[in-house]
Amino acid sequence: MTEAGIRRLLVSLVRQAGATQRFSIGVRRVDATGQVPHVAALDRGFRVSERRRREFLAGRAAAAEALARRDMQGYSVSRTERGVPVWPPGVVGSISHSRTWAVSVVFDSDIAICCGVDIEEVTAASAAPSVELHCARESLYKALSPGTGLPFRPEQWRLQRSGSKGCWAVSVPESFPAHRLRLAPRLVTAFAPPLQAALTLAHRAA
Ligand SMILES: CC(C)(COP(=O)(O)OP(=O)(O)OC[C@H]1O[C@@H](n2cnc3c(N)ncnc32)[C@H](O)[C@@H]1OP(=O)(O)O)[C@@H](O)C(=O)NCCC(=O)NCCS
């Protein structure tokens with residue numbers, strides 16, 4: 001898949017998830033990092049495998065692009081001890097990487113409470129429903145994981161296909177402050193070999 005194809009895929013996911021404006025995306029090939037100086041600086045002291053290091057930097061470069069498109073140039077997305085990305089005030093975002101591509105999606109925080117993006121590399125042959133379910137779960141997990149401040153316990157959530165293609169309904173635990181979130185059917189997935197992609201977007205209630 002080309003970079004342009006991935007951008008189109010992400011934009012269509014965002015639109016399907018109900019956002020038409022005030023979002024931006026970033027895409028970076030994993031082997032094309034090092035071109036964003038403030039991102040390259042994050043590399044210091046990062047002791048992991050070479051592949052993981054490249055994926056991390058590509059994810060940060062994708063995030064830097066998405067932020068720059070929102071007039072937030074030069075911001076380095078750091079991480080909490082649990083690995084949750086830390087976004088600048090005023091936006092919420094998410095990062096995902098595969099072996100080849102890193103992507104990031106960023107929304108203004110006055111329209112979105114949180115979001116989660118996930119991409120998985122697939123072949124036409126590996127396009128099993130389980131890959132789609134896995135991708136959907138990871139995107140939901142990123143959006144609602146403990147580091148986001150929301151009371152999420154993975155076992156409390158149920159994902160079910162909803163009517164429209166690629167859409168999933170999320171059943172919200174009774175204990176969850178549902179009035180704060182408008183999720184379902186906002187978890188959407190798209191299969192476009194070699195990528196399976198999923199996006200969870202929690203809209204801020206009006
Ligand atoms: C954290 C996790 C979601 C990452 O997903 P993945 O498919 O392995 O990897 P991806 O490339 O898509 O995403 C990795 C990025 O997610 C982000 N991330 C990591 N932990 C996160 C969290 N708790 N919340 C939000 N984003 C997170 C980071 O930016 C990370 O990249 P980085 O370490 O380079 O900064 C996954 O490893 C995990 O632990 N999942 C939880 C398992 C689970 O409970 N699943 C069932 C949910 S119902």
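Two residues are in contact if their C-beta atoms, placed from the backbone, lie within 7 Å. On that basis, residues 24 or more positions apart account for 58% of the contacts with a separation of 6 or more in the protein chain of this predicted model. The chain has 206 residues, of which 39% count as buried, and its secondary structure comes to 4 helices and 11 strands.

**Helix α4**

- The buried residues of α4 are Glu132, Cys135, Ala136, Ser139, Leu140, Lys142, Ala143 and Leu144.
- These buried residues pack against β4 (91-97), β6 (112-121), β7 (158-161), β8 (167-171), β10 (187-192) and β11 (195-204).

**The sheet containing β4**

- Strand β4, one of the strands against which α4 packs, also belongs to an open sheet of 3 strands, arranged in the order β1-β5-β4 with antiparallel pairing.
- The edge strands of this sheet are β1 (23-29) and β4, each of which pairs on one side only, and neighbouring strands are turned by 15° against each other on average, with direction ignored.
- Strands β4 and β5 (residues 101-108) run antiparallel and are joined by 7 bridges; Ser94 has Val105 in β5 as its bridge partner.

**Helix α1 and the sheet**

- Helix α1, residues 3-16, lies across β1 and β5, and runs at about 150° to β1.

Terms used. Residues numbered from 1 in each chain as written. Predicted model: local features only at pLDDT ≥ 70, side-chain atom pairs only at ≥ 80, totals over all residues. Buried ≥ 20, exposed ≤ 12 C-beta atoms within 10 Å, placed from the backbone. Helix = DSSP H or I, 4+ residues; strand = E, 2+ residues; numbered from the N terminus. Pairing = 2+ DSSP bridges. Axes fitted to C-alpha atoms, helices over the stretch in contact; angles between N-to-C directions.
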